[in-house]
Amino acid sequence: MAGKILPSENQLFYPFDTSPPDGGRCIDDVYEAFAGYRFEGVWCLQCFTKELELNAQRQRVREASASTFDMIYFEHPACSGGIETFLHFLPRGLELCFFDSRHYTCFPDQMLKLGVFQWRANEQAALRRLFCRVAISWFSEGTTEPLQGPTHQTSSWIMRGDTPLHILQALFFLRIEPAEVFRWLLKIDTKAAWYGIAQLLKDPSPVETPVYFELAEDRSEADYIKACEALNRLCLDSLYTTLSSETIFEKWAEVNETDSRLSQELSDVESYYDPATFVLSNKQREEDQCLLRKSL
């Protein structure tokens with residue numbers, strides 16, 4: 001591997017950056033942060049042909065088309081050389097494949113199972129800037145910049161209905177302060193922001209623990225599982241302490257006559273709104289913060 005995966009700074013959460021660099025700079029920074037990872041060969045011949053492996057190996061990462069490497073996301077990472085190959089293609093994969101509806105598991109989930117909490121500090125920082133930009137583009141401006149959406153020439157993929165949730169999951173997995181994200185969504189007050197909020201209210205596990213992990217050898221899978229569970233509870237706690245049922249009702253009343261689809265979404269989430277289940281006590285919050293910090 002191109003060096004051992006080092007833990008990030010032992011900081012628990014990071015601010016949501018409402019003024020990140022432009023999209024081009026953000027994606028450039030991700031390419032630079034992950035430039036040291038090599039392509040690992042000896043792919044599993046039960047999952048791939050030798051021709052597929054050699055074709056992927058010939059690609060210059062920044063110029064690779066999705067069809068030359070995206071097959072690695074359908075198999076266990078060990079089948080294509082392990083985490084090294086995944087991180088080698090990660091910048092291009094994010095740029096082209098984040099909105100790919102074919103993957104049985106979304107890109108943020110794949111990052112989580114490969115130990116994103118424990119990636120190098122500069123790698124995580126570059127990804128935080130990128131996804132703050134992506135969140136602003138999607139929720140505030142209605143674009144997918146700087147990631148390529150389904151109308152781009154190099155992509156034949158269809159935008160998923162759960163796109164807002166995947167963007168929010170990426171922010172959570174990168175430990176952007178959830179409460180800041182929720183306050184920002186309420187402040188911009190766009191239709192896209194409310195769809196994102198509605199999806200979170202319907203999903204009791206925005207941070208769902210993966211079925212398996214590929215972690216550095218000196219990392220504890222048991223600690224990482226507990227950290228995922230703790231982060232999920234902390235995210236939901238932040239959501240329910242930030243968002244009141246009165247705020248949901250006020251938004252429903254505002255759009256009831258003008259936007260039937262959003263009105264129905266907000267009406268549907270009424271049955272999901274359950275602060276008694278998800279708001280933590282101070283002691284529970286501190287315990288979960290300790291569990292998360294232990295995995296860093």
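Thr68 touches Asn55, Ala56 and Gln59, leaving aside residues up to four places away in sequence; contact here means heavy atoms within 4.5 Å. This is a predicted model, where local features need pLDDT of at least 70, side-chain atom pairs count only at pLDDT 80 or more, and totals for chains, interfaces and linings use all residues. Residues are numbered from 1 along each chain as its sequence is written, and side-chain values use heavy atoms, with hydrogens and water left out.

Thr68 sits in the loop between helix H2 (50-57) and helix H3 (83-97). Helices are DSSP runs of H or I with at least four residues, numbered from the N terminus. With a relative accessible area of 9%, Thr68 counts as buried (under 20% relative accessible area, using a 1.4 Å probe and protein chains only). Its side chain reaches the backbone oxygen of Ser65 at 2.6 Å.

Now for helix H1, residues 23-33. Its buried residues are Gly23, Cys26, Ile27, Asp29, Val30, Tyr31 and Ala33, and their cover includes H3 and helix H5 (121-141). At the start of H1, a side-chain oxygen of Asp22 comes to within 3.0 Å of the backbone nitrogen of Gly24.

Thr277 belongs to helix H12 (residues 275-278). The side chain of Thr277 makes a polar contact with that of Asp274 at 2.3 Å; such a contact is a pair of N or O atoms within 3.5 Å, where, within protein, one must be able to donate a hydrogen and the other to accept it, and residues adjacent in sequence count only if both atoms are side-chain atoms.

Note on methods: Helices (H or I, at least four residues) and strands (E, at least two) are DSSP runs, numbered from the N terminus. Buried means under 20% relative accessible area, exposed over 50%, partly exposed in between (1.4 Å probe, protein chains only).
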